[in-house]
Amino acid sequence: MAGSFLTVACPDCENEQIIFEKASSEVACAVCGHVLARPTGGIADVEGEVVDVVEDRSGDALA
């Protein structure tokens, strides 16, 4: 199953970064190093505000 790419705003420095929603390793902010996503075995636990879905690859058709 496919996942989506998300634009996430860092809660510490407000840097916006694109991450994969099913990250298999921790994803840190490129500016301050705050952990933005932690793997869970499925959809990652995202810390920070999801600003946008950059590419929806979930396969769900929009009605």
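The protein exposes about 4,100 Å², of which carbon and sulfur atoms supply 49%, where accessible areas come from the Shrake-Rupley method with a 1.4 Å probe and, for residues, only the protein chains shown count as cover. This is a predicted model, in which local features need pLDDT of at least 70 and side-chain atom pairs count only at pLDDT 80 or more, while totals for chains, interfaces and linings use all residues. Residues are numbered from 1 along each chain as its sequence is written, and side-chain values use heavy atoms, with hydrogens and water left out.

The protein has 0 helices and 6 strands, and from the N terminus on its elements run β-β-β-β-β-β. Here helices (H or I, at least four residues) and strands (E, at least two) are DSSP runs, numbered from the N terminus. Of the 63 residues of the protein, 27% count as buried, a term that means under 20% relative accessible area, whereas exposed means over 50% and partly exposed lies in between (1.4 Å probe, protein chains only).

Strand 1 is mostly covered, since 4 of its 5 residues are buried. Strand 1 takes part in the two pairings below, where two strands pair if DSSP finds at least two bridges between them.

| Strands | Bridges | Direction |
|---|---|---|
| Strand 1 (residues 5–9) and strand 2 | 5 bridges | antiparallel |
| Strand 1 and strand 6 (residues 49–55) | 5 bridges | antiparallel |

Strand 1 and strand 2 form a hairpin with 6 residues between them, and Glu14 in the turn has a positive phi of about 65°. Strand 2 (residues 16–20) has a covered face, made of Gln17 and Ile19, and an uncovered one with Glu16, Ile18 and Phe20.

Ile19 also belongs to the largest nonpolar core, whose 7 residues are Leu6, Val8, Ile19, Ala23, Val27, Ala37 and Ala44; such a core is a set of buried Ala, Val, Leu, Ile, Met, Phe, Trp, Tyr and Cys residues joined through side-chain atoms within 4.5 Å. Leaving aside residues up to four places away in sequence, Ala37 touches Ile19, Ser25, Glu26, Val27, Ala44, Asp45 and Val46, where contact means heavy atoms within 4.5 Å. Among contacts in the protein between residues at least 6 apart in sequence, 34% join residues at least 24 apart.
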